[in-house]
Amino acid sequence: MTMNDQIYKQVNTFFDAYAHALENHDTKLLAYHYHIPCTLMSDDNTTAFSESSKLEGLFNQGVVFYKQFGIVHARPTIWNKDVWTDKIIRVRVNWQYFDAQQQPVYDCDYHYVMREVKNGQLKIICSVSVNEKERMNEWMKLKQTK
C-alpha cells in the first residue's frame, strides 16, 4: 500500500467517524476532529478558533438546528482527495442529510484542509462551506410551501 493509499483510507475512516459524531450530536467529538487553532470559512464569514470549547459551542448551535428539523443521519461522499505535501491533504466532501425515515433533507459541499498531527492522526485545520447556507435556505423555502 502506497503512502497515498494509506492517507486516502485514513480520510475515509475520518469522515465516517465525523458523520457518526454528527448523528450522535457529540459536539465534543466533532471538535476533536479539528486541530486548534483552526479556521471555518464561507462566503459570509471567516472564524478562527483558538479554543476547542468555542468550536464546540458553534457545533452545539448546529445540533439544535438538526434536532429542530428532524435531521438524524449524515452521509459524507468524498469527491476529491488532493495530497499537497507529506502531511497536508485537501478533501472535497458532499454532505447528505436525512430524516429518521432516511428521506433526503438537503445536501451541501465542503472543502477541508487537513494535516497529519501526532501519531499520524489527521485533523481539520480549515473548513470551507461552499454552499450550505444556500442549500439550507432552498430546503427551508420548499418546506414552507408544503
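Student: Which residues line the second largest cavity?
Tutor: This is a predicted model, and the second largest cavity holds about 30 Å³ of space. Its lining divides into five nonpolar, one polar and three charged residues. The residues are I7, V83, T85, D86, K87, I88, I89, E116 and L122.

Student: How many cavities of 30 Å³ or more does a search of the whole structure find?
Tutor: Rolling a probe the size of a water molecule over the atoms shows where empty space is left. The search finds cavities of 30 Å³ or more, and their number is two.

Student: Which elements each supply at least two residues of the lining of the largest cavity?
Tutor: The lining consists of L22, E23, H25, Y66, I71, V72, H73, A74 and Y97. By class, these are six nonpolar, two polar and one charged. The elements that each supply at least two of the lining residues are α1 and β3 (73-83).

Student: How much space lies in the largest pocket?
Tutor: The largest pocket is lined by 33 residues, and L40, L58, Y110, S129 and E132 lie nearest its centre. Elements giving two or more residues to this lining include α1 (3-23), β1 (34-41), β5 (104-116) and α4 (132-145). By class, the lining has 20 nonpolar, eight polar and five charged residues. The space in the largest pocket is about 880 Å³.

Student: Which element gives the largest share of the lining of the largest pocket?
Tutor: Several elements give two or more residues, among them β2 (46-49), α3 (52-68), β4 (88-98) and β6 (122-129). The largest share is seven residues, and the element that gives it is α3.

Student: What span does α3 reach from its first C-alpha to its last?
Tutor: α3 has 17 residues. At 1.5 Å a residue, the expected span is 24 Å, and the model comes close to that. From first C-alpha to last, α3 reaches 24 Å.

Student: How many disulfides does the count come to?
Tutor: A disulfide needs two cysteine sulfur atoms within 2.5 Å. The sulfur of C108 is 15 Å from the closest cysteine sulfur, in C126, which is too far for a bond. For C126 the nearest cysteine sulfur, that of C38, is 8.6 Å away, and C126 is in no disulfide. The count comes to zero.

Student: Is C126 buried or exposed?
Tutor: Buried means under 20% relative accessible area. C108, at 0%, counts as buried. C126 has a relative accessible area of 16%, so C126 is buried.

Conventions:
Residues are numbered from 1 along each chain as its sequence is written. This is a predicted model: local features need pLDDT of at least 70, side-chain atom pairs count only at pLDDT 80 or more; totals for chains, interfaces and linings use all residues. Side-chain values use heavy atoms; hydrogens and water are left out. On a 1 Å grid over the protein atoms alone, a cavity is a set of points where a 1.4 Å probe fits but cannot get out, and a pocket is an open set with protein on both sides within 12 Å along at least five of seven lines; lining residues have an atom within 4 Å of a point. Grid points are joined across faces, edges and corners, and a volume is the space filled by probe spheres set on the points. Helices (H or I, at least four residues) and strands (E, at least two) are DSSP runs, numbered from the N terminus. Ala, Val, Leu, Ile, Met, Phe, Trp, Tyr, Cys and Pro count as nonpolar, Asp, Glu, Lys and Arg as charged, and the others, Gly among them, as polar. The expected span of a helix is 1.5 Å times one less than its number of residues. Buried means under 20% relative accessible area, exposed over 50%, partly exposed in between (1.4 Å probe, protein chains only).
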